[in-house]
Amino acid sequence: MRILHTADIHFGQNIYQNYDRLDEHLHFFKQLRKWIDEYTPDVLLISGDIYDVAQPSAAIWSAFNSQIVELRRSFPKLSIIIVAGNHDSAARIEAHSKVWEMAGVTMVGTPPPILHAAGDGWEDRYIVRLPSGFVITLPYMSGDRADTMLHLQKHVESLNEENLPVVMTAHLAAVGCDTEGHDPAIGNIRPISIERFGSGYDYLAIGHIHKAQTLGQPPIFDEEPHTYPSPTARYSGSVLHVSEDENYPHSVSLVDIGRHGGDITIRQLRIEQLRHFLTLPTDSANPFANAKEAIKYLTKFLKTHDKAYIRLRFLQNADIPADFNSSVYTLIEQSGKDIRYNPRMIFVSDVNDGFIGDEGGRHRIDIEEIKQIKDPRKFVMMTAQSYPGLSEEVLDELFDEVEAEARRMTEEK
Ligand SMILES: [Mn+2]
């Protein structure tokens with residue numbers, strides 16, 4: 001069974017009050033279509049937070065519907081399963097689900113009732129049986145609904161005579177997950193311990209946390225396949241940076257499951273972003289000391305950049321006139337560039353705050369800063385102080401060796 005797992009689309013999001021992100025979302029769907037064509041998954045799973053708000057505009061509903069209908073038309077064999085997240089209106093998604101069913105798309109809005117009657121067949125609503133396996137389709141549920149999950153897993157077990165893979169969806173915060181980029185009070189959801197989810201599934205496709213991660217496993221940085229034992233639980237992560245604090249790559253997860261209880265192989269497919277988030281100046285060691293400096297930098301920046309979200313970093317005591325933001329907007333407008341400005345500036349009290357190698361032993365490096373580094377030696381030297389046993393001399397020798405070898409290979413070619 002092969003699934004393409006994604007979540008937290010937040011379709012229709014407007015950022016910094018006035019910037020519409022529809023083109024970024026459509027760019028994501030374009031990539032999704034390409035991957036479905038290339039990898040031919042059995043199922044496309046969207047694990048909640050389809051929309052950014054419970055009542056998106058008619059234009060947004062329409063644009064999302066068009067994307068799903070287009071997928072249905074292009075890939076008639078693909079199963080499409082979509083469950084509601086905490087950002088979605090469960091009732092609205094549920095209300096449309098019968099029509100979607102006619103189009104061969106499974107949409108689940110509302111969770112099973114807490115006190116479900118025995119023997120009335122309610123389980124069927126939350127189980128999709130495919131030739132390649134089973135999918136338990138749970139949307140966002142408030143509270144700890146371990147009993148519901150266990151009950152459905154047991155039910156699937158009774159149907160699963162051929163030992164087919166079992167996938168379950170959920171939209172929740174699991175204990176111990178990496179919540180980088182989220183507000184401390186994410187969605188008012190109390191984290192749930194993963195043990196409470198049972199062990200009757202092979203792959204738990206979760207939404208809600210925006211950083212891609214396999215629970216209890218080290219992060220994946222490449223696009224190579226990684227194999228894990230069953231059961232494995234994973235957040236696919238959001239498709240776009242929902243805020244500038246989500247300073248990590250976004251991807252969809254391509255998941256292969258051979259049989260129930262067998263290994264799970266996961267590949268991250270990196271999503272190309274239409275606009276990146278930059279904090280200026282990109283050299284975070286030198287925040288702007290005043291408005292004049294920022295305007296000068298920005299003027300230069302606008303000549304070399306076409307598309308981006310930006311925010312500015314100032315020293316705490318920087319002198320900023322009241323009309324500063326309006327001058328920034330004007331400057332951007334005059335440039336004609338697609339630069340989107342976040343008027344909430346960052347103030348840094350101590351230049352060393354957030355840098356590597358200062359006496360305080362901090363080891364944070366700005367991602368934008370890393371992106372600017374062309375010479376790998378520079379990066380290594382920046383972090384070298386964190387490894388007292390490391391010899392710069394030995395490192396230099398090794399780099400020379402690698403460079404010489406690379407040159408030799410290029411010449412041979
Ligand atoms: Mn979300």
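Analyst: Happy to. The count comes to 16 salt bridges, each being a side-chain nitrogen of Lys or Arg within 4 Å of a carboxyl oxygen of Asp or Glu. This is a predicted model, where local features need pLDDT of at least 70 and side-chain atom pairs count only at pLDDT 80 or more, while totals for chains, interfaces and linings use all residues. Numbering starts from 1 along each chain as its sequence is written, and side-chain values use heavy atoms, with hydrogens and water left out.

Let's begin with Arg125, whose side chain meets that of Glu94 at 2.9 Å, N to O. This pair links distant parts of the chain, 31 residues apart: Arg125 is in the loop between β6 (105–108) and β7, and Glu94 is in helix α3, residues 90–102. Helices (H or I, at least four residues) and strands (E, at least two) are DSSP runs, numbered from the N terminus. Arg125 has 30% relative accessibility and counts as partly exposed; under 20% would be buried and over 50% exposed, with a 1.4 Å probe and protein chains only.

Next comes Lys211, which forms a salt bridge with Glu180 at 2.6 Å, N to O. Here too the partners are 31 residues apart, with Lys211 in the loop between β10 and β11 and Glu180 in the loop between β9 and β10. Glu180 is partly exposed at 32% relative accessible area.

The ion is coordinated by Asp8 (OD), His10 (NE2), Asp49 (OD) and His210 (NE2), at 2.0 to 2.4 Å. Donors here are N, O and S atoms within 2.8 Å of the metal (3.2 Å for Na, K and Ca), and water is not among the atoms, so sites may look incomplete. Along the chain, the donors follow the spacing D-x1-H-x38-D-x160-H. His210 lies in that loop between β10 and β11, whereas His10 lies in the loop between β1 (2–6) and β2 (14–15), 200 residues away. Both His10 and His210 are buried.

Two strands pair if DSSP finds at least two bridges between them. For β10 (203–207) and β13 (232–235), there are four bridges in the parallel sense, and Tyr203 has Thr232 of β13 as its bridge partner.

Asp245, in the loop between β13 and β14 (251–257), forms one with Arg311, the closest N and O atoms being 3.7 Å apart. Arg311 is in strand β18 (residues 307–319), 66 residues from Asp245. Asp245 is partly exposed at 40% relative accessibility, while Arg311 is buried at 17%. Elsewhere, salt bridges that share partners join Arg21, Asp23, Glu24, Arg275, Lys307, Asp338 and Arg340 into one network.
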